[in-house]
Amino acid sequence: MQDIPAILGADGPFAALIPGFAPRLQQQELAEAVAATLAGHEVFIAEAGTGTGKTFAYLVPALLSGQKVIISTGTKNLQDQLFHKDLPLVRKALAVSVDVALLKGRANYLCLHRMESALAEGRFRSRGEVAQLGVIERWSAQTRSGDIAELTELNEDAPLWSHVTSTADNCLGTECGRLDDCFLVKARRRAQEADVLVVNHHLLFADMALRDEGFGELLPGANAFILDEAHQLPETASNFFGISLGGNQLLELARDAIVEDLREAGESSGVRQAAERLEKAVREMRLAFGVEAHRGPWHEAGRLAAGVQGMGEMAEGMAERGAGRERGGGRGEGGGRASWQGRATGWGWGVNVVCAVGSAAVPARSGAAI
Ligand SMILES: Nc1ncnc2c1ncn2[C@@H]1O[C@H](COP(=O)(O)OP(=O)(O)OP(=O)(O)O)[C@@H](O)[C@H]1O
Ligand SMILES: [Mg+2]
């Protein structure tokens, strides 16, 4: 293994390249720990104060590792800074010819086919947009990456971009006449070939979600992942893997349960009590949350969690009774049987949602992703 502290030391290449560079023990220790982690194929979580120099501390071992490494960071801006500023500097300092690539989500790349269609159709909302499209067209002939962040003249949230970038739905894929020049295809190909690939957390989780659902993948495989700005991961992960269930849905569930119970089982089944407990818990939860958005682990939801769990068990019981009745043949009541079947299916949906939340499926999945 290379002498990493020396590389980041007073007589190392960084000191020679960067004015004001001074050896920092924390940075050297972090770099050594990252190197050991990569060599041992282990998992390592590190926290160090802002300005410690964490970027060099993970880039140096990553570039020296000889492995395929995917580095993910919090935002596209940080991605650009890493790729255009830090990585070239570290490559130069280490004098290594590691192949590096940058990959963003589809919406960040100009789609030549859609730009040409927009030019041909000529339907614009304003003269400003016509001028903007002219700027994009001129840039399209010069850019190598097609990354819309390059065109600083035009704001990244300009509405026109949605007309000249693609989505998974409107992309013509292999049918496209501009496939050979497609910036997204080229960026994905470079990502496949590169030794070190820079992505963002959003893309990383979009890739995980696709793999999870068995719908393919956005990123190549890698020997190691380095996740910078890791404090942002829970937020991004819950956007991709979380399940949302609102108070209104729960109240509706409780009300439906009471109506259903009165019709089918009478007072004795316990469903009514469970539904009322759930209603109470939802109201208490709303008061406890206040108007501010609030986030926390499921087990902290306390009484609401217990209420949902209890309701789930009751609902399961109801669904089972429904199925039992169904198997019993409905005693010749054709119409009655059909309507019960409909309700039983409705309950099936209710049970799925309640059990998914009640059995803590949400935190477990996010936890695994983090
Ligand atoms: N040993 C060093 N001596 C002097 N400057 C350094 C050293 N290491 C890194 N730097 C510089 O310090 C600045 C901050 O480094 P870096 O962005 O890696 O910090 P960080 O630890 O990732 O902080 P943050 O938590 O804010 O992301 C950069 O401009 C970098 O070039
Ligand atoms: Mg940093």
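1. Sequence separation of contacts. In this predicted model, 75% of the contacts in the chain between residues at least 6 apart in sequence join residues that are at least 24 apart.

2. Overall composition. The chain contains 16 helices and four strands. Of its 370 residues, 29% are buried.

3. The four strands form an open sheet with parallel pairing, and their order is 2-3-1-4. Strand 2 (100-102) and strand 4 (224-227) each have a single partner strand and stand at the edges, so one side of each lacks a neighbour in the sheet. From one strand to the next, the twist averages 20°.

4. Partners of strand 1. Strand 1 (residues 69-73) runs parallel to strand 3 (residues 196-200), and five bridges join the two. Within this pairing, Ile71 is placed opposite Val198 of strand 3. Strand 1 also pairs with strand 4, again in the parallel sense, over four bridges. Here Val69 stands opposite Ala224 of strand 4.

5. Burial of strand 1. How many of the five residues of strand 1 are buried? Five of the five are buried, and the strand is described as mostly covered. In a regular strand, side chains alternate between the two faces of the sheet. In strand 1, Val69, Ile71 and Thr73 point one way, whereas Ile70 and Ser72 point the other way, and all are buried.

6. The shell around ligand 1 consists of Gly20, Phe21, Ala22, Arg24, Gln27, Thr50, Gly51, Thr52, Gly53, Lys54, Thr55 and Phe56. By class, the shell holds three nonpolar, seven polar and two charged residues. Which element supplies the largest share of this shell? Helix 4 (residues 54-64) does, with three residues.

7. Packing of helix 3 on helix 4. Two packed helices are described by the angle between their axes and the distance between the axes. For helix 3 (residues 25-40) and helix 4, the angle is about 35° and the axes are 8 Å apart. The crossing of helix 3 and helix 4 is right-handed. On the helix 3 side, the contact involves Gln27, Leu30, Ala31, Val34, Ala35 and Leu38; these meet Lys54, Phe56, Ala57, Tyr58, Val60 and Pro61 of helix 4. The contact comprises ten nonpolar residues, one polar residue and one charged residue. Gln27, Lys54 and Phe56, which take part in this contact, are also among the residues around ligand 1.

8. Packing of helix 10 on helix 11. Helix 10 (residues 201-212) packs with helix 11 (residues 233-241) at an angle of about 35°, and their axes are 10 Å apart. Their crossing is right-handed. From helix 10, His201, His202, Phe205, Ala206 and Ala209 meet Leu233, Thr236, Ala237, Phe240 and Phe241 of helix 11. This contact has seven nonpolar, three polar and no charged residues.

9. Residues with positive phi. Most residues other than glycine have a negative phi. Ala95, although not a glycine, has a positive phi of about 50°. Ala95 is located in the loop between helix 5 (76-94) and strand 2. Is Ala95 buried or exposed? Ala95 counts as exposed because 7 C-beta neighbours lie inside 10 Å, and a residue with 12 or fewer falls in that class. Glu229 likewise is not a glycine and has a positive phi of about 50°. Glu229 lies in the loop between strand 4 and helix 11. With 15 other C-beta atoms within 10 Å, Glu229 is partly exposed.

10. Position of Cys171. Where does Cys171 lie? Cys171 belongs to the loop between helix 8 (161-164) and helix 9 (183-193). Cys171 counts as partly exposed, because it has 17 C-beta neighbours inside 10 Å, whereas 20 or more would be required for a buried residue.

Technical notes
Residues are numbered from 1 along each chain as its sequence is written. Chains are lettered from A and ligands numbered from 1 in the order in which they are written. This is a predicted model: local features need pLDDT of at least 70, side-chain atom pairs count only at pLDDT 80 or more; totals for chains, interfaces and linings use all residues. A residue is near a molecule or strand if its C-beta atom, placed from the backbone, lies within 6 Å of it. Ala, Val, Leu, Ile, Met, Phe, Trp, Tyr, Cys and Pro count as nonpolar, Asp, Glu, Lys and Arg as charged, and the others, Gly among them, as polar. Two strands pair if DSSP finds at least two bridges between them. Axes are lines fitted to C-alpha atoms, for helices over the stretch in contact, and angles run from 0 to 180 degrees between N-to-C directions. A crossing is left-handed if the near helix is turned anticlockwise from the far one by less than a right angle, and right-handed if clockwise. Two residues are in contact if their C-beta atoms, placed from the backbone, lie within 7 Å.
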